[in-house]
Amino acid sequence: MQAGDDALFLGIDCSTTACKAIAWDREGRAVAEGRAPIPLSNPAPDAWEQDARTWWEALVTATREAARALGDAGARRIRAIAITHQRETFVLTDEQGEPLHPALVWMDARCRAEVAELSAKVGEARLHGISGKFPCTTPSLYKLLHLRNRIAPHLAARPVRMLDVHAFLAHRLTGRLVTSVASADPTGLVDMAARGFSAEILEWAGLSASEVPALAEPGERIGEVGREAAEALGIEAGIPVFAGAGDGQAAALGAGVVGPGVMYLNLGTAIVSGVISREYRTDRSFRTMMAATPGAFLYETDLKGGTFTLTWLARLLGADVDASSATLSALEREAEGIAPGADGLVLVPYFHGVMNPYWDDAATGILLGLSGGQGPAHVYRAILEGIALEQRLHTDGVERASGPIAELRVMGGGSRSALWCQILADVLDKPIVRAGTSEATSLGAGILAAAGVGAFAGIEEAAAAMTSRGEVFVPGERRGFYERLYREVYVGLYPALAGTMGQLARLRESAR
């Protein structure tokens, strides 16, 4: 199947709450799009689950919608497919890929005991050094141990397949149980230096080599769309499928970040940023991931309480799902008129614990400086500023390992906020550049598909041709105020309250 000038490349983005299928052309323009929601269940405190079959159902709906938008002639222009997806989420299946239990989502934090137990048994440094991930509740490894030890112990006594989202969808598309090494590494099961599953970690997890999928490099051909899958999707059978990457790595690629000195920043449900390095290093200031570019790594930071925190505020104000967007838009307009510092209100956005640099699953959000003259718009501005201040903490830590970062390329739903982009520029004292598309994650998958099918000489060449820069926000006169707020107030808040947070977490557990 040749990739001519009219070729389209389908980027499948299966995120936490929705699946998007976007057809990209050679210039990185979105020609057609389909979207379908994915239900998310919260059956118990700290528990987040999904029926993995809904990932495929959403992919089918989204792809059929995109194919209808293209029409029969347009759909025949699709020359390649690649997948990007929510990371750390996994499902245990039987040998045929049928789920045996609901998938545990990346937000699931019931595995604190397993983090402590395996860290004590093996050592934090050993786990960190092999996997690139400091022990915490986020990597799939600890969720798997909790699932088989406490939730569904019967699954420990039978053969299983542990599949990330990429592997599950690739199997439905091609019939092969295969995933990208850049999709598997967030599970915490991969030896990063060797670029393969770690025999040691698999043993600690109680898995055999036959119970994990085969691995492929990003952009490597992994199969083709089968006839049954093609009929369901509304596209041609035989379209080649290429290994993708997790959503963070794909977002970096879709923002044109293929070398050092530029950081990508995804303002999504979680706030994720990263910079490319050719050197494998580990540090508490970041987690080390496989990049979507050949042979490279990402020094990546992750704040789990991102735009989720804004959704929390809308819900707190009584807005349902349909009304939350209008509520937040009204708050933003009001917040634009509030002075920097939100009238003395500071928020630390640890709504799902904190990963880098503190790695404390017991950490919680902090709202300091409440007074009677403040209203919801003050809280809204404090959330934007708090996330920006936390990003400053993350970026400073990464720069110590990677060298200077000249600018940040921003994408995701939060990047549509000019107020937030300007606050980020002022707090970080660096230019904030909007990626050419807010759908940079899907575009990253499209780039891997285009490079894989030979439309370009390689992944970096495809990225150069298909990505673009948007509006630039430069630091303004408020950066001096934010420098003081960061140095004199923000950086000391968590260290001062960490012990109290831990005690509060223990009391909360004892009350359940």
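Predicted model: local features only at pLDDT ≥ 70, side-chain atom pairs only at ≥ 80, totals over all residues.
Me: How many strands form the open sheet, and in which order do they lie?

Reply: The open sheet has 6 strands in the order 3-2-1-5-14-13, with mixed pairing. From one strand to the next the twist averages 25°.

Me: Which strands stand at the edges of this sheet?

Reply: Strand 3 (30-37) and strand 13 (221-224) do; each has a single partner strand, so one side of each is left without a neighbour in the sheet.

Me: How many bridges join strand 1 to strand 2, and do the two run parallel or antiparallel?

Reply: Strand 1 (residues 8-14) and strand 2 (residues 18-24) run antiparallel and are joined by 6 bridges.

Me: Which way do the residues of strand 6 point?

Reply: In a regular strand, side chains alternate between the two faces of the sheet. In strand 6 (residues 90-93), Phe90 and Leu92 point one way, while Val91 and Thr93 point the other way. All four are buried.

Me: What partner does strand 6 have?

Reply: Strand 8 (residues 161-164) is joined to strand 6 by 4 bridges, and the two run antiparallel. Opposite Phe90 stands Asp164 of strand 8.

Me: Turning to the cores, which residues of the largest nonpolar core touch the most other members?

Reply: They are Tyr350, Tyr380, Trp420, Leu424 and Ile432, in a core of 57 residues. Helix 12 (residues 376-402) gives the largest share of this core, 12 residues. There is also a second, separate core of 44 residues, which includes Ala23, Ala58, Ala67 and Ala243.

Me: What does Ile432 touch?

Reply: Leaving out residues up to four places away in sequence, Ile432 touches Leu408, Val410, Cys421, Leu424, Ala425, Glu471, Val472 and Phe473.

Me: Where is the kink in helix 16 centred?

Reply: The kink in helix 16 (residues 479-511) is centred on Ala498 and amounts to about 50°.

Me: Which residues of helix 16 are buried, and what do they pack against?

Reply: An α-helix has 3.6 residues a turn, so residues three or four places apart point the same way. The buried residues of helix 16 are Tyr482, Leu485, Tyr486, Tyr490, Leu493, Tyr494, Met501, Gly502 and Ala505. They pack against helix 12, helix 13 (418-428), strand 19 (346-348) and strand 20 (366-368).

Me: Why does Thr84 count as buried, and what does its side chain reach?

Reply: Buried means under 20% relative accessible area. Thr84, in strand 5 (residues 78-85), counts as buried because its relative accessible area is 0%. Its side chain reaches the backbone oxygen of Ala245 at 3.0 Å and the backbone nitrogen of Asp247 at 3.3 Å. Beyond its neighbours within four places in sequence, the contacts of Thr84 include Ile12, Asp13, Cys14, Gly246, Thr441 and Ser442.

Me: Is Thr179 buried or exposed, and what polar contact does its side chain make?

Reply: Thr179 lies in strand 9 (residues 178-180) and counts as buried, because its relative accessibility is 0%. The polar contact is with the side chain of His166, at 3.4 Å. Not counting residues up to four places away in sequence, Thr179 also touches Asp164, Ala167, Ala184, Pro213, Ala214, Leu215 and Ala216.

Note on methods. Residues numbered from 1 in each chain as written. Heavy atoms only, no water. Core = buried A, V, L, I, M, F, W, Y, C linked by side-chain atoms within 4.5 Å. Buried < 20%, exposed > 50% of the residue type's maximum accessible area, 1.4 Å probe, protein only. Contact = heavy atoms within 4.5 Å. Polar contact = N/O pair within 3.5 Å; in protein donor to acceptor, adjacent residues only side chain to side chain. Bend = angle between axes of the 7 residues up to and from the residue. Pairing = 2+ DSSP bridges. Axes fitted to C-alpha atoms, helices over the stretch in contact; angles between N-to-C directions.
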